[in-house]
Amino acid sequence: MLKRNNGFFRKTFAIFMSDLSQRSVYIFLLIPLTLLLLYKEKGTVPPAVLSDGISQDFFRLFMGDYRIIPEMSYQPPFAWILLNAYIAFIVGGFPFGSMETAIITKFRSRVSWWISKCFSLLFIIALSHAAIFCTVVLTDISELKAAFFGFDKNSLAAILLPFAVSTACSFVQSLMNLYLKPVFGYVLVVSMQIASTFIHSPILFAGYSQLNRTVLSNPSGITLRLGFTVPAIITLLCMALGAFMSCCIEILGDRSRK
Amino acid sequence: MIEIINYTKIIRGASVLKNINLKLSRGMIYGLSGKNGSGKTMLMRAICGLIRPTEGKIIIDGETLGEKISFPKSVGILIENPDFLDSETAFSNLKLLASIKQIATDGDIKDSLSAVGLDPGDKRKYRKFSLGMKQKLGIAAAIMEKPEILILDEPLNALDQDGVERVRQILKYFKERGSTVILACHDREELELLSDEIIKIESGAIVP
């Protein structure tokens with residue numbers, strides 16, 4: 001059993017290294033993008049519910065829809081849209097990247113390959129958000145102590161909710177890429193994300209990462225439990241559906257779906 | 001032993017493989033001959049498990065592809081243009097691939113690179129490789145784990161005379177160690193020279 005698990009971790013690690021190698025530059029570029037957006041969003045007043053500067057900066061980046069009430073005029077939340085669209089770009093050609101033909105035939109089954117790809121994707125998204133987090137921490141170095149010892153529930157939620165929703169969006173995108181060309185998967189996911197900034201609908205689940213719509217900003221907003229549960233269910237559903245779909249797909253060439 | 005039984009593949013209404021029946025033995029080199037689009041590459045993809053049959057099945061050493069296993073247990077493939085990580089060297093690319101199964105040691109990787117005429121210590125990144133070097137790396141990736149089934153689609157593409165001679169030696173080695181080698185090549189003369197048996201494909205069907 002242990003040997004079998006080791007095999008799975010080894011394969012997942014190899015897939016992750018391959019996926020990371022193709023995306024490391026783009027993940028690194030998240031740092032200047034975050035810096036730029038932090039500078040642009042400086043004028044926005046943070047909510048009183050977040051006590052430390054780091055989570056307040058996170059809130060600024062992932063605030064999303066500026067409207068507290070629907071009657072207010074719509075202003076596109078550029079920082080939120082750009083960060084989400086950029087992460088969707090990093091996901092890009094998942095699950096078919098370079099060497100995929102050579103990699104997949106080293107697996108015993110298509111399902112185990114898909115599960116490994118899912119974990120690899122999870123790590124890629126985690127790294128992308130870690131790059132954003134580290135940039136925020138570095139711009140607010142005086143709050144470093146708070147970052148590691150003093151985060152309260154709300155601060156943690158402000159940082160982790162965008163990650164949870166981002167993961168769900170990426171899994172949906174990857175699932176679509178099993179059948180569609182990456183560009184179509186990308187356009188569909190980004191369209192859903194943009195639509196979620198001006199339409200309040202639970203179907204447009206990307207909107208759950210707009211922190212201004214949550215209880216952090218508005219007592220009658222989306223609860224944190226709902227905000228985390230919906231993306232978690234979508235992620236698990238995509239994993240299960242992908243495992244089923246991966247058994248039926250035709251692999252007709254590396255990068256052939258770009 | 002590879003048994004292909006009544007294998008038919010239809011993609012978007014077109015039959016790309018029609019009722020293929022074949023038995024491929026160990027220690028033999030099979031040459032696939034046919035025009036562009038005749039179905040050679042598709043047949044190779046089918047044997048690798050990369051495409052699923054519309055009808056029929058492929059049995060490899062008693063196990064049917066798509067049932068307990070999705071892919072052959074031991075297969076080395078070079079299909080169409082090889083694709084590797086641009087930012088890695090030849091050795092690192094193969095090392096990453098080898099880490100999945102952990103069958104090939106560093107020594108095996110170096111041996112396979114040397115066998116195709118690449119320098120294992122070359123620090124150049126893959127993106128700097130010439131077409132011929134990329135092809136050689138694709139062949140090295142296919143052979144490094146000393147697979148029981150070796151599938152090479154147009155392995156001589158972009159190779160110089162030395163490269164062609166090295167491929168001949170590699171094929172001879174795998175034949176002697178009992179692997180099943182399946183080869184596609186546009187050069188009819190070269191294919192006849194390299195193969196023990198020629199399988200001719202036309203419009204997705206095998207012709208006598």
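Author: Two strands pair if DSSP finds at least two bridges between them. The model discussed here is a predicted one.

Reader: In what order do the strands of the open sheet in chain B stand, and what is the pairing?

Author: Strands of a sheet pair through backbone hydrogen bonds, either parallel or antiparallel. In chain B, 6 strands form an open sheet with the order S6-S7-S8-S3-S9-S10, and its pairing is mixed. On average, neighbouring strands of this sheet are turned by 20 degrees against each other, direction ignored.

Reader: Which strands of chain B stand at the edges?

Author: Strand S6 (75-78) and strand S10 (205-207) of chain B do; each has a single partner strand, so one side of each is left without a neighbour in the sheet.

Reader: How many bridges join S6(B) to strand S7 of chain B, and do the two run parallel or antiparallel?

Author: S6(B) and S7(B) (residues 149-153) run parallel and are joined by 4 bridges. Within S7(B), Ile151(B) is the residue that stands opposite Ile77(B). Helix H4 (residues 131-143) of chain B packs on the sheet and touches S6 and S7 of chain B. The direction of H4(B) makes about 170 degrees with that of S6(B).

Reader: How many residues does the contact take from chain A and from chain B?

Author: The size of an interface is often given as the accessible area lost when the parts come together. Here the description is by residues: the contact takes 24 residues from chain A and 24 residues from chain B. On the side of chain A that touches chain B, helix H1 (2-28) and helix H5 (100-104) of chain A each supply at least two residues. The largest share of that side, 7 residues, comes from H1(A). By class, the side has 8 nonpolar, 8 polar and 8 charged residues.

Notes. Residues numbered from 1 in each chain as written. Chains lettered and ligands numbered in written order. Predicted model: local features only at pLDDT ≥ 70, side-chain atom pairs only at ≥ 80, totals over all residues. Contact = placed C-beta atoms within 7 Å. Nonpolar A, V, L, I, M, F, W, Y, C, P; charged D, E, K, R; others polar. Axes fitted to C-alpha atoms, helices over the stretch in contact; angles between N-to-C directions.
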